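Visitor: Before any details are discussed, may the sequence and the structure be displayed? Several questions will follow.

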Amino acid sequence: MDEHATTPLIAVDNLGVRLNTSRGPAQAVRGVSFALKRGETLGLVGESGCGKSVTALSLMGLLPDSASITGSIKLEGRELAGLSDADYCGLRGNRISMIFQEPMTALNPMHTIGHQVAEPLQRHKAYSASQARREAIALLDRVGLPDPSRRIDAYPHQFSGGQRQRVTIAMALACEPDLLIADEPTTALDVTIQGQILDLIAELVEERGMSMILISHDLGVIAENVQRMMVMYGGTVVESGSTDEVFRRMGHPYTQGLFRARPKLGARKGTRLTTIAGTVPELVDLPAGCAFGDRCPLVEDRCRAALPPVVEVGAGHGVRCVRTDVSMAAHVGAPA
Ligand SMILES: Nc1ncnc2c1ncn2[C@@H]1O[C@H](COP(=O)(O)OP(=O)(O)OP(=O)(O)O)[C@@H](O)[C@H]1O
Ligand SMILES: [Mg+2]
């Protein structure tokens with residue numbers, strides 16, 4: 001049998017990440033598992049602090065030195081958890097690339113954009129300086145940077161925020177990675193530019209057959225851009241499934257709360273934005289049971305006793321909740 005047909009591109013199994021925080025060690029990610037085939041797209045959604053970026057950084061081998069990781073992350077069968085930094089350097093920017101929220105964190109203000117787009121090509125693909133420069137111009141052109149052959153020698157501060165994000169996308173794509181991780185790639189940009197950048201990313205993912213993990217706190221962005229999604233809360237995945245299925249029948253009270261709290265276009269001025277009552281728990285104070293327990297309208301004693309198991313509520317649709325009989329009767333979700 002063709003091995004590539006069965007081995008997923010990336011397979012994450014029971015990932016756990018422990019971090020040293022100012023208030024002591026804390027489990028930032030618990031029991032996260034998923035697999036992505038070549039060309040598949042996955043969204044990670046949840047409020048600030050739920051562990052989306054820590055999950056992404058574990059895949060990139062970019063966790064702080066003091067972090068400890070458990071479980072497994074396999075890239076085409078090769079274990080990445082515990083890989084040395086030297087080995088990771090050969091993968092990062094080459095097989096797996098990441099686009100960050102704030103383009104200036106990825107760009108070096110001291111180097112021209114041309115140098116920064118060409119650098120991974122020289123490092124990973126052994127291109128000559130002139131080959132890499134030619135390819136950088138082509139990439140900058142592809143991501144929609146105006147007049148790239150003239151502007152290639154300009155510095156990051158000479159570009160607008162949207163243009164800088166186009167440059168970081170060109171950098172991330174330079175070596176034709178198999179997996180692109182986009183961590184809130186548009187939240188730092190003007191609303192009018194956000195859609196253009198997301199459309200560009202979607203086009204490139206399709207055109208190059210890459211797999212993508214898209215991180216956002218915005219359910220609308222997830223709905224429009226990925227095939228499958230995982231909702232995170234308190235470092236765990238509380239709901240996962242195909243995007244269509246999750247939006248049709250939201251099972252977790254937290255997903256339902258996020259959905260109700262989303263800003264609505266055309267809402268009348270002065271309309272109150274529904275938010276989920278309560279605040280996200282501190283990592284060091286995570287309760288033994290469901291992390292959402294203290295904010296959940298359906299909480300019962302058993303929710304607080306132990307982390308609820310994942311209940312399969314539909315094909316490939318899992319919900320980490322013991323109250324799905326009640327929550328799913330509420331029919332929260334987009335109309336079919
Ligand atoms: N380097 C670090 N050292 C200590 N704690 C950290 C570190 N990075 C993240 N954390 C903590 O880990 C938890 C998860 O953080 P993470 O950055 O993954 O959240 P997130 O879901 O990406 O949120 P956001 O939407 O704000 O980006 C948070 O409580 C955060 O404070
Ligand atoms: Mg984040």
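Visitor: Which residues of the largest nonpolar core touch the most other members?

Guide: The model shown here is predicted. Its largest nonpolar core comprises 58 residues. Those that touch the most other members of this core are Val-117, Leu-140, Ile-169, Ile-201, Met-229 and Tyr-254.

Visitor: Which residues does Val-117 touch, not counting residues up to four places away in sequence?

Guide: Contact here requires heavy atoms within 4.5 Å. With residues up to four places away in sequence left out, the partners of Val-117 are Ala-136, Leu-139, Leu-140, Val-167, Ala-170, Met-171 and Ala-174.

Visitor: What is the distance from an oxygen atom of ligand 1 to a backbone N or O atom of Val-54?

Guide: Val-54 is one of the residues that come nearest to ligand 1, along with Ser-48, Gly-49, Lys-52 and Ser-53. In the side chain of Ser-53, an N or O atom is 2.8 Å from an oxygen atom of the ligand, and a polar backbone atom of Gly-51 is 3.1 Å from a ligand oxygen. For the backbone atom of Val-54, the distance is 2.8 Å.

Visitor: What percentage of the area that ligand 1 exposes when taken alone does the protein bury?

Guide: Taken alone, ligand 1 exposes 630 Å². Of that area, the protein buries 64%.

Visitor: How do the residues of the shell around ligand 1 divide into nonpolar, polar and charged?

Guide: There are 15 residues around ligand 1, and β1 (10-21) and α2 (52-60) each supply at least two residues of this shell. By class, the shell divides into six nonpolar, six polar and three charged.

Methods: Residues are numbered from 1 along each chain as its sequence is written. Chains are lettered from A and ligands numbered from 1 in the order in which they are written. This is a predicted model: local features need pLDDT of at least 70, side-chain atom pairs count only at pLDDT 80 or more; totals for chains, interfaces and linings use all residues. Side-chain values use heavy atoms; hydrogens and water are left out. A nonpolar core is a set of buried Ala, Val, Leu, Ile, Met, Phe, Trp, Tyr and Cys residues joined through side-chain atoms within 4.5 Å. Buried means under 20% relative accessible area, exposed over 50%, partly exposed in between (1.4 Å probe, protein chains only). A residue is near a molecule or strand if one of its heavy atoms lies within 4 Å of it. A polar contact is a pair of N or O atoms within 3.5 Å; within protein, one must be able to donate a hydrogen and the other to accept it, and residues adjacent in sequence count only if both atoms are side-chain atoms. Accessible areas come from the Shrake-Rupley method with a 1.4 Å probe; for residues, only the protein chains shown count as cover. Helices (H or I, at least four residues) and strands (E, at least two) are DSSP runs, numbered from the N terminus. Ala, Val, Leu, Ile, Met, Phe, Trp, Tyr, Cys and Pro count as nonpolar, Asp, Glu, Lys and Arg as charged, and the others, Gly among them, as polar.
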